Amino acid sequence: MKPKQTSAGFWLYGIHPIEMALQNPKRRILEIRFSKHPSFKLPQNIPAHNVSKEQIESIVGRDVVHQGIIAHVQPLETYTIDDLITDTKHQSNALVIILDQVSDPHNIGAIMRSGVAFGATALILPDSNAPQESGTLAKSASGALEILPLIRVTNLVRTMEQLKKADFWCVGMDGYAKKSIVEQKLPNKCALVMGSEGDGLRRLTMENCDYLTKLPMSEKMESLNVSNACAIALYEWFRLYKIRE
């Protein structure tokens with residue numbers, strides 16, 4: 001069973017996602033329900049109710065690891081591509097992640113977690129075929145949903161053109177690329193473009209990348225999960241530009 005969405009927001013579950021949400025001044029938390037007291041102190045300005053485990057599971061489902069606490073929250077305010085360009089205008093090194101048709105919230109959450117770990121500025125998703133903020137995405141992101149801005153765009157190619165004009169290089173990850181990220185190093189201002197596991201990058205997305213690259217891999221394995229592949233590419237960029245800062 002998937003956690004229920006409501007028109008007024010959605011339910012976060014698990015200690016770490018909720019603790020991170022409480023630390024985020026931009027996140028509005030409407031209510032907290034718990035079946036056992038969490039390890040952190042509950043704020044006095046947010047309604048909090050001690051309920052049964054069954055009541056929690058009636059909201060988020062029995063198959064999720066809720067750790068005895070859920071929070072009803074509103075989505076974060078919109079962060080735009082113009083905001084991103086303004087925030088990175090004077091940065092010599094910046095990285096954004098673009099996901100083309102990646103629809104699994106577990107993968108997107110894992111990518112957000114890696115993005116925070118390795119210095120990404122934002123994550124860009126198309127409006128269509130991409131999940132909204134949810135408890136599942138937040139749990140997989142392990143708090144990163146509160147840190148890494150999520151940008152939704154109607155036209156991925158147009159967004160890539162905007163980034164290019166702002167001095168970003170759009171680099172597509174493709175298993176059939178001629179050179180690996182070791183042979184052709186990632187640029188200092190990089191928009192890393194990842195495709196779905198099944199189909200990879202769409203044709204128009206691929207054609208609008210400045211160049212394609214791949215991971216150096218053993219011939220015994222054809223590909224990696226998109227979140228694992230993205231984490232490796234992110235680390236390579238971080239190693240080149242951020243690790244010594």
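Aromatic rings of Phe, Tyr and Trp count as a pair here if their centres lie within 6.5 Å. With that in hand I opened the model, which is a predicted one.

**Entry: rings.** I looked up the aromatic pairs and got 4 of them in the structure. Phe-118, Tyr-235 and Phe-238 come together as one aromatic cluster. I also checked for a charge over a ring: Lys-189 sits over the face of Phe-168, 5.0 Å from the ring centre.

**Entry: the sheet.** Next I traced an open sheet of 6 strands, and its order reads β8-β7-β6-β10-β9-β11, with parallel pairing. I noted β8 (150–153) and β11 (211–213) as the edge strands, since each pairs on one side only. From one strand to the next, the twist averages 30°. I then picked out β9 (residues 169–173) and β10 (residues 189–195), which pair in the parallel sense over 4 bridges. Trp-169 stands opposite Cys-190 in β10.

**Entry: helices on the sheet.** I found α3 (residues 81–88) lying across β6, β7, β8 and β10, at about 155° to β7. Helix α6 (residues 156–165) lies across β6, β7, β8, β9 and β10, and runs at about 170° to β6.

**Entry: two helices.** How do the axes of α4 and α8 cross? I read roughly 10° for α4 (residues 105–117) and α8 (residues 226–241), with the axes coming within 9 Å. That makes α4 roughly parallel to α8.

Technical notes. Residues numbered from 1 in each chain as written. Predicted model: local features only at pLDDT ≥ 70, side-chain atom pairs only at ≥ 80, totals over all residues. Heavy atoms only, no water. Axes fitted to C-alpha atoms, helices over the stretch in contact; angles between N-to-C directions. Parallel < 35°, antiparallel > 145°, perpendicular 65-115°, else oblique. Phe/Tyr/Trp six-rings, centres within 6.5 Å; stacked < 30°, edge-to-face > 60°. Lys NZ or Arg CZ within 6 Å of the ring centre and 35° of its normal. Pairing = 2+ DSSP bridges. Contact = heavy atoms within 4.5 Å.
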